[in-house]
Amino acid sequence: MYIAAHYYGNNAPVILTKEMLQSKDCKIKIVADISCDVNGPVACTLRSSTIADPFYGYLPIENREVPYTHPGAIVVMAVDNLPCELPKDSSEGFGEMFMQHVIPAFFNGDKDGILQRAKMTENGKLAERFQYLQDFVDGN
């Protein structure tokens with residue numbers, strides 16, 4: 001498996017050439033090209049893939065795309081916006097947990113103490129759980 005997560009600038013060297021991928025010594029079966037530079041440093045990155053359909057196959061002996069299930073294929077994942085998916089996934093997960101656990105606390109009298117535990121200050125003073133910050137508040 002090869003994971004490409006590099007910056008590729010002008011005049012940068014090619015990392016995986018067609019010849020390297022066609023070599024009998026090549027044991028690469030999967031390429032995850034997070035950088036997704038089409039026609040760039042990784043010869044098997046023929047195109048961008050998508051989150052919905054992230055994989056395609058690359059047949060080195062013919063230098064062309066094939067189904068990733070083809071027995072001679074190198075499986076390629078080249079989702080060009082993959083780095084954007086991590087914050088999106090985190091935001092969605094946080095939002096789901098917030099709606100499931102925090103929002104109800106505003107309407108059920110905070111029966112599980114979620115809002116109370118989250119409160120850092122009360123009446124101008126640090127809440128008991130956050131007393132360890134007092135030296136910082138005092139400027140020490």
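Trainee: What are the ground rules here?
Mentor: The model is predicted, so local features need pLDDT of at least 70 and side-chain atom pairs count only at pLDDT 80 or more, while totals for chains, interfaces and linings use all residues. Residues are numbered from 1 along each chain as its sequence is written, and side-chain values use heavy atoms, with hydrogens and water left out.

Trainee: Which residues touch the most other members of the largest nonpolar core?
Mentor: Start with the general idea. In soluble globular proteins, nonpolar side chains tend to be buried together. A nonpolar core is a set of buried Ala, Val, Leu, Ile, Met, Phe, Trp, Tyr and Cys residues joined through side-chain atoms within 4.5 Å. Buried means under 20% relative accessible area, exposed means over 50%, and partly exposed lies in between (1.4 Å probe, protein chains only). Here the largest core has 14 residues, and Leu21, Val31, Cys44, Ile74 and Val76 touch the most other members. Strand 3 (55-59) and strand 5 (74-77) are the elements that give two or more residues to this core. Helices (H or I, at least four residues) and strands (E, at least two) are DSSP runs, numbered from the N terminus.

Trainee: What does Val31 touch?
Mentor: Contact means heavy atoms within 4.5 Å. Leaving out residues up to four places away in sequence, Val31 touches Tyr2, Leu16, Val42, Cys44, Ile74, Val75, Val76 and Met77.

Trainee: How many aromatic pairs are there?
Mentor: A pair of aromatic rings is described by the distance of the centres and the angle of the planes. Rings of Phe, Tyr and Trp (its six-membered ring) pair if their centres lie within 6.5 Å; planes under 30 degrees apart count as stacked, over 60 as edge-to-face and the rest as tilted. The count comes to 3 aromatic pairs. One of them joins Phe130 and Tyr132: tilted, 6.3 Å centre to centre, with 35° between the planes.

Trainee: Is Phe130 buried or exposed?
Mentor: Phe130 counts as buried because its relative accessibility is 13%. Tyr132 counts as exposed, at 61%.

Trainee: Where is Asn39, and what is its phi?
Mentor: Most residues other than glycine have a negative phi. Asn39 has a positive phi of about 60° although it is not a glycine. Asn39 lies in the loop between strand 2 (30-33) and strand 3. At 73% relative accessibility, Asn39 counts as exposed.

Trainee: Where is Asn63?
Mentor: Asn63 is in the loop between strand 3 and strand 4 (64-66). Its phi is positive, near 50°. Asn63 counts as partly exposed because its relative accessibility is 27%.
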